[in-house]
Amino acid sequence: MGTHALILTLDLLGVFANGLLGGAAARSRDLDLFGFAAIGLCSGLGGGIIRDILLMHGTPVALTNPAYIPTALAGTAVAFVVQIEHKTWDRAFILVDAAALSLWATAGALKAMDDGLGWLPEVLIGTITAIGGAVTRDVMLQRVPAVFTQGTLYATVAIVVAAIQVSFIGIPGLSTGGATAIAIAVGVVLRLIAYWRNWQLPRGLDWKIGQRAAAAQESPGD
C-alpha cells in the first residue's frame with residue numbers, strides 16, 4: 001500500500017471512530033438529530049481540517065473527498081441508533097477512543113512527513129490531528145476541552161504515537177505500513193493502560209503543594 005493510500009485509510013478509520021465518539025457525546029447531552037450530526041461532523045472532521053489548513057494544502061481533503069462526510073455521519077449514526085448499556089459503552093468507548101487517537105496521530109504525522117517537514121513539526125502535526133476533533137467537539141458542547149483538564153493521558157499518547165511513526169520510518173527492513181502498525185499498537189495499549197491505571201500528568205497546583213511541603217521540611221522550627 002502506498003503512502004497516500006495508507007493516509008487515506010487511516011484518515012477514514014479515524015473519521016468514523018471520532019464521528020462515533022461525537023455521537024456518544026451528543027447522546028450524553030440529549031441532543032436532537034441535528035445536534036448529533038453537527039457534533040459528529042465536527043468531531044469526525046475537525047482534526048483533519050485543522051491539519052490540512054496548517055499544512056496549507058488548499059481546501060481540506062474532508063471537503064473535497066466525497067467519502068469523508070458520509071463516513072463521519074455513519075459513525076455518528078451508530079451512536080444515534082444504538083442504545084448501548086452504560087457499562088458496555090464505557091468499555092467500548094475507551095477502546096474506540098484509543099484507536100481513534102492512534103489512527104489520527106499516525107495519519108497526521110505521515111502527511112506532515114510527506115510534505116518534508118522536520119521531525120518536530122511532524123510530531124506536532126500528528127498530535128494536533130489526533131486531538132483536534134475532540135477539542136472542537138468539547139468547545140461546541142461549551143466545556144473546557146478534556147485534553148486540557150485533569151484526566152488520564154491523552155495528548156501525551158498522541159505525542160508518543162506520532163514520535164514513533166516519525167522515528168521508525170526509514171529503519172532498514174521496516175516498511176511504512178509496519179512502522180504505522182507498531183505506532184498504532186503502542187498508542188492503543190498505552191492509552192488503555194493509562195485509563196486502567198489512572199495515569200495523569202501533574203497539575204500546577206500539585207507542583208506548588210510539593211514545593212511548599214519541601215520548603216516546610218527544610219525550614220527550621222520555631
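Predicted model: local features only at pLDDT ≥ 70, side-chain atom pairs only at ≥ 80, totals over all residues.
Leaving aside its neighbours within four places in sequence, which residues is Ser43 in contact with?

1. Ser43 touches Asn18, Gly22, Trp104, Gly133 and Arg137, once neighbours within four places in sequence are left aside.

2. As for where Ser43 sits, look in helix H2. Is Ser43 buried or exposed? Ser43 counts as buried because its relative accessibility is 0%, and the cut-off for buried is under 20%.

3. Now for the helix pair. Helix H2 spans residues 33-54 and helix H6 spans residues 119-140; the two pack at an angle of about 145°, and their axes are 7 Å apart. The crossing of H2 and H6 is a right-handed one. On the H2 side, the contact is made by residues including Ala38, Ile39, Cys42, Ser43 and Gly46, while H6 brings in Ile125, Ile128, Gly132, Gly133 and Arg137, among them. Sorted by class, this contact of H2 with H6 holds eight nonpolar residues, eight polar and two charged.

4. Moving on to another helix, H8 runs over residues 176-197 and has Val186 in it. Val186 has 31% relative accessibility, so this residue counts as partly exposed. With neighbours within four places in sequence left out, Val186 is in contact with Val160 and Ile164.

Terms used: Residues numbered from 1 in each chain as written. Heavy atoms only, no water. Axes fitted to C-alpha atoms, helices over the stretch in contact; angles between N-to-C directions. Helix = DSSP H or I, 4+ residues; strand = E, 2+ residues; numbered from the N terminus. Left-handed = near helix turned anticlockwise from the far one by under 90°. Contact = heavy atoms within 4.5 Å. Nonpolar A, V, L, I, M, F, W, Y, C, P; charged D, E, K, R; others polar. Buried < 20%, exposed > 50% of the residue type's maximum accessible area, 1.4 Å probe, protein only.
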